[in-house]
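Subject: Structure for you to look at

Hello,

Here is the structure I said I would pass on. My notes follow below it.

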Amino acid sequence: MLVQVALAGGFLGGHYDMLAIHGTLGRVITVVALLMAVAAFFVRRAGGPRSILPASAVMVLALVGQIALGIGHSVALHVLLGVILVSAVAVLCQRVMTTPLPAESPAVPAPDETLQPEPAK
(Lines give C-alpha, C1' and ligand atoms only; values in the text may rest on other atoms or scores of the structure.)
Protein backbone atom coordinates (compact mmCIF):
# COMPACT_ATOMS: atom_id res chain seq x y z
CA MET A 1 0.00 0.00 0.00
CA LEU A 2 2.87 2.38 0.71
CA VAL A 3 4.32 1.74 -2.74
CA GLN A 4 0.93 2.72 -4.14
CA VAL A 5 1.19 6.04 -2.30
CA ALA A 6 4.67 6.64 -3.75
CA LEU A 7 3.54 5.74 -7.26
CA ALA A 8 0.50 8.02 -7.01
CA GLY A 9 2.67 10.84 -5.72
CA GLY A 10 5.11 10.31 -8.56
CA PHE A 11 2.30 10.42 -11.10
CA LEU A 12 0.81 13.57 -9.59
CA GLY A 13 4.33 15.05 -9.60
CA GLY A 14 4.61 14.63 -13.36
CA HIS A 15 6.10 11.14 -13.76
CA TYR A 16 3.25 9.86 -15.90
CA ASP A 17 4.81 6.45 -16.54
CA MET A 18 4.09 5.55 -12.90
CA LEU A 19 0.35 5.50 -13.55
CA ALA A 20 0.41 2.13 -15.34
CA ILE A 21 2.39 0.54 -12.49
CA HIS A 22 -0.01 2.14 -9.99
CA GLY A 23 -3.00 0.59 -11.78
CA THR A 24 -1.44 -2.85 -12.04
CA LEU A 25 -0.38 -2.86 -8.40
CA GLY A 26 -3.88 -1.74 -7.39
CA ARG A 27 -5.37 -4.77 -9.10
CA VAL A 28 -2.80 -7.07 -7.45
CA ILE A 29 -3.63 -5.60 -4.03
CA THR A 30 -7.33 -6.21 -4.68
CA VAL A 31 -6.68 -9.88 -5.51
CA VAL A 32 -4.56 -10.23 -2.35
CA ALA A 33 -7.37 -8.64 -0.32
CA LEU A 34 -9.83 -11.13 -1.82
CA LEU A 35 -7.53 -13.99 -0.77
CA MET A 36 -7.29 -12.39 2.67
CA ALA A 37 -11.09 -12.36 2.92
CA VAL A 38 -11.20 -16.06 2.05
CA ALA A 39 -8.57 -16.76 4.72
CA ALA A 40 -10.58 -14.66 7.21
CA PHE A 41 -13.62 -16.82 6.46
CA PHE A 42 -11.71 -19.97 7.41
CA VAL A 43 -10.22 -18.33 10.50
CA ARG A 44 -13.73 -17.35 11.57
CA ARG A 45 -14.99 -20.91 11.00
CA ALA A 46 -12.15 -22.17 13.21
CA GLY A 47 -13.40 -19.98 16.05
CA GLY A 48 -11.39 -16.86 15.34
CA PRO A 49 -12.57 -13.31 16.00
CA ARG A 50 -15.82 -12.23 14.40
CA SER A 51 -14.67 -8.78 13.32
CA ILE A 52 -11.92 -9.81 10.88
CA LEU A 53 -14.26 -11.30 8.24
CA PRO A 54 -16.56 -8.27 7.80
CA ALA A 55 -13.56 -5.93 7.84
CA SER A 56 -11.90 -8.02 5.13
CA ALA A 57 -15.05 -8.04 3.00
CA VAL A 58 -15.44 -4.27 3.33
CA MET A 59 -11.79 -3.90 2.33
CA VAL A 60 -12.39 -5.87 -0.89
CA LEU A 61 -15.46 -3.77 -1.73
CA ALA A 62 -13.60 -0.54 -1.03
CA LEU A 63 -10.69 -1.63 -3.23
CA VAL A 64 -13.05 -2.45 -6.09
CA GLY A 65 -14.58 1.00 -5.63
CA GLN A 66 -11.08 2.47 -5.59
CA ILE A 67 -10.32 0.86 -8.94
CA ALA A 68 -13.58 2.23 -10.37
CA LEU A 69 -12.76 5.73 -9.12
CA GLY A 70 -9.27 5.51 -10.64
CA ILE A 71 -10.55 4.32 -14.00
CA GLY A 72 -13.18 7.06 -13.89
CA HIS A 73 -10.48 9.71 -13.24
CA SER A 74 -12.22 10.91 -10.08
CA VAL A 75 -8.95 12.08 -8.54
CA ALA A 76 -10.29 13.79 -5.41
CA LEU A 77 -12.40 10.80 -4.31
CA HIS A 78 -9.70 8.34 -5.41
CA VAL A 79 -7.08 10.07 -3.25
CA LEU A 80 -9.48 10.37 -0.29
CA LEU A 81 -10.45 6.70 -0.44
CA GLY A 82 -6.78 5.79 -0.89
CA VAL A 83 -5.84 7.55 2.35
CA ILE A 84 -8.71 5.81 4.15
CA LEU A 85 -7.63 2.42 2.71
CA VAL A 86 -4.00 2.81 3.76
CA SER A 87 -5.14 3.67 7.29
CA ALA A 88 -7.63 0.78 7.35
CA VAL A 89 -4.99 -1.70 6.17
CA ALA A 90 -2.67 -0.58 8.96
CA VAL A 91 -5.42 -1.03 11.58
CA LEU A 92 -6.54 -4.38 10.15
CA CYS A 93 -2.96 -5.69 10.08
CA GLN A 94 -2.46 -4.65 13.69
CA ARG A 95 -5.69 -6.37 14.73
CA VAL A 96 -4.89 -9.57 12.86
CA MET A 97 -1.37 -9.76 14.27
CA THR A 98 -2.39 -9.13 17.87
CA THR A 99 -5.64 -11.12 18.15
CA PRO A 100 -4.97 -14.65 19.43
CA LEU A 101 -7.07 -17.59 18.33
CA PRO A 102 -9.16 -19.24 21.06
CA ALA A 103 -7.28 -21.75 23.21
CA GLU A 104 -9.88 -24.49 22.71
CA SER A 105 -9.14 -24.84 18.99
CA PRO A 106 -5.37 -24.90 18.45
CA ALA A 107 -4.17 -24.82 14.85
CA VAL A 108 -1.61 -27.55 15.58
CA PRO A 109 -2.10 -30.05 18.40
CA ALA A 110 0.50 -30.05 21.13
CA PRO A 111 2.83 -33.10 21.13
CA ASP A 112 1.16 -34.61 24.20
CA GLU A 113 -2.29 -34.28 22.58
CA THR A 114 -1.50 -36.31 19.47
CA LEU A 115 -3.10 -39.69 19.13
CA GLN A 116 -0.81 -42.55 20.04
CA PRO A 117 -1.32 -45.96 18.43
CA GLU A 118 -2.53 -48.68 20.76
CA PRO A 119 0.16 -51.17 21.81
CA ALA A 120 0.07 -54.54 20.04
CA LYS A 121 -1.40 -57.41 22.13
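What should helix α4 (residues 75-98) span at 1.5 Å a residue, and how far apart are its end C-alpha atoms? The helix has 24 residues, so the span should be 34 Å; the end C-alpha atoms are 35 Å apart, which agrees. Please keep in mind that this is a predicted model.

Within α4, the buried residues are His-78, Gly-82, Leu-85 and Leu-92. The buried residues of this helix pack against α2 and α3. I looked at one residue in each of those two helices.

In α3, which covers residues 52-71, I picked Gln-66. Gln-66 has a relative accessible area of 10%, and because buried means under 20%, Gln-66 is buried. Beyond its neighbours within four places in sequence, Gln-66 is in contact with Leu-77, His-78, Leu-81, Gly-82 and Leu-85. Of these, His-78, Gly-82 and Leu-85 are buried residues of α4. Leu-80 is 14 residues from Gln-66 along the chain, and the C-alpha atoms of the two are separated by 9.6 Å.

In α2, which covers residues 18-45, I picked Thr-30. Thr-30 also counts as buried, at 10% relative accessibility. A polar atom of the Thr-30 side chain lies 2.9 Å from the backbone oxygen of Gly-26. Leaving aside neighbours within four places in sequence, Thr-30 is in contact with Leu-63, Val-64 and Ile-67.

Regards

Definitions and conventions. Residues are numbered from 1 along each chain as its sequence is written. This is a predicted model: local features need pLDDT of at least 70, side-chain atom pairs count only at pLDDT 80 or more; totals for chains, interfaces and linings use all residues. Side-chain values use heavy atoms; hydrogens and water are left out. Helices (H or I, at least four residues) and strands (E, at least two) are DSSP runs, numbered from the N terminus. Buried means under 20% relative accessible area, exposed over 50%, partly exposed in between (1.4 Å probe, protein chains only). Contact means heavy atoms within 4.5 Å. A polar contact is a pair of N or O atoms within 3.5 Å; within protein, one must be able to donate a hydrogen and the other to accept it, and residues adjacent in sequence count only if both atoms are side-chain atoms. The expected span of a helix is 1.5 Å times one less than its number of residues.
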